[in-house]
Amino acid sequence: MLNDWLELTLAGRQPESREGRLAGVHFVIHDPGVLELRPDKSAPDAHACIISAGIHGNETAPIELLGELLARLEAGLVSVGAPVLIILGNPPAIRLGQRFCTTNLNRLFQRGLTDEGDEPQRARQLMAAVDDFYARHSRPRLHYDLHTAIRDSRYPRFAVEPFDDTVVTNPEQWRWLAGAGLQAALHQHQHSWTFSHYSKHYHHAQAFTLELGKVHAFGDNDLAALRPMRVLLEALIAGGEPQEKNPGNMVFFRVAHELMRESEDFALCFPEDTPNFSEFAVGTRLARDASAGDFTVSDAPLAVVFPNAKVEIGARAALLARKTPPPDD
Ligand SMILES: [Zn+2]
């Protein structure tokens, strides 16, 4: 039944029944791609958990990971001891095997959004689903939004910590993420209207965008590398104690600068297949822009993350980051 939900959602169909039961848990389908697990009894320390995947339609590994998780829930291999909202972000784009249909969904999660179109409509629906879920659960809030990156990375599995000046990341989060096999973390330096930022900014959730390897087609993903992440998600769903590791094993970065594309005549001055977190020395020219001029590394080396020269004018073409010590425990 839960397995069917994922398959039917991907096929663009609605399951016959919007509610059902497994041992110890009631489940409800709110909207296409929005499934809530309501345990008969929540563990004392359980979080209200949101686990989302497929916000970008071509990022299939997290969707396969969710499929594995739902199959294990259905088989009774995972108990449910926490309220959980499972979200499949952009089913039409997943069906097309594309990042998005008309615009990048993961920049639209801002209240008061007035844009029209498929992705803005979906962003409003998902924001309402998150608002409704958190309003009904007075527990510590958590949101992991699962992605994969378009390019190679010096650290294939890394967390992006959304910026918010009022919410402090609980140190246990870093221990859990280290325990789940994440290799690096990137602290953002200003608001960006992503899905995980939405939960952090408006609901004070512990929230992260988790990049779990590289984009591949369905069936071509190495789920073995994501086993520790599945173990973490299952611990959260059970309301139990996640495995921990020393976050000192991870490498931490802070965004120092956002490289914006400001004109038609714009180019990044490094190869297109440059892996995320590649570092460039002081004096290296990173971008040419007919209106903004050249951007050259100054003061200290900069690592490039999420470079994309083909963004719309006015959008971000790369994040530039510097290493920072691990957060205090
Ligand atoms: Zn993504």
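Let's start with the interface between the two domains. About 1200 Å² is buried between domain 1 and domain 2. Carbon and sulfur atoms give 60% of that area. Which residues of domain 1 lose the most area to domain 2? Arg151, Arg154 and Leu186 do, and together they make up 49% of what the domain 1 side buries.

Keep in mind that this is a predicted model.

Now the layout. Domain 1 runs over 2-249, and domain 2 over 259-324. Their C-alpha centres lie 29 Å apart. In contact terms, 12 residues of domain 1 meet 16 residues of domain 2.

Polar contacts are another matter. Between the two domains there are 6 residue pairs in polar contact, with both residues at pLDDT 80 or more.

Two elements each give two or more residues to it: strand E7, at 157-161, and strand E8, at 184-187. By residue class, that side divides into 5 nonpolar, 3 polar and 4 charged. So much for the interface.

On to salt bridges in the whole structure. The total is 15. Let me pick one of them. Arginine 230 pairs with glutamate 68, and their closest N and O atoms are 3.0 Å apart. Why does this pair tie together parts that are 162 residues apart in sequence? Because arginine 230 lies in helix H7, residues 227-238, while glutamate 68 lies in helix H2, residues 61-74. As a general point, side chains of opposite charge can pair when their charged atoms come close.

Last topic: a sheet. Three strands form an open sheet, in the order E11-E13-E14. The pairing is antiparallel. Which strands sit at the edges? Strand E11, at 266-268, and strand E14, at 295-296. Each of these pairs on one side only.

Now look at E11 and its partner. E11 pairs with strand E13, residues 285-289, in the antiparallel sense over 3 bridges. For a specific position, take leucine 268. Its bridge partner in E13 is alanine 287. In general, strands of a sheet pair through backbone hydrogen bonds.

To recap. The structure holds 15 salt bridges, the arginine 230 and glutamate 68 pair among them. And the open sheet runs E11-E13-E14. That's all from me.

Methods: Residues are numbered from 1 along each chain as its sequence is written. This is a predicted model: local features need pLDDT of at least 70, side-chain atom pairs count only at pLDDT 80 or more; totals for chains, interfaces and linings use all residues. Side-chain values use heavy atoms; hydrogens and water are left out. Domain bounds come from an automatic or database domain assignment. Contact means heavy atoms within 4.5 Å. Buried area is the accessible area (1.4 Å probe) that two parts lose on being put together, summed over both. A polar contact is a pair of N or O atoms within 3.5 Å; within protein, one must be able to donate a hydrogen and the other to accept it, and residues adjacent in sequence count only if both atoms are side-chain atoms. Helices (H or I, at least four residues) and strands (E, at least two) are DSSP runs, numbered from the N terminus. Ala, Val, Leu, Ile, Met, Phe, Trp, Tyr, Cys and Pro count as nonpolar, Asp, Glu, Lys and Arg as charged, and the others, Gly among them, as polar. Two strands pair if DSSP finds at least two bridges between them. A salt bridge is a side-chain nitrogen of Lys or Arg within 4 Å of a carboxyl oxygen of Asp or Glu.
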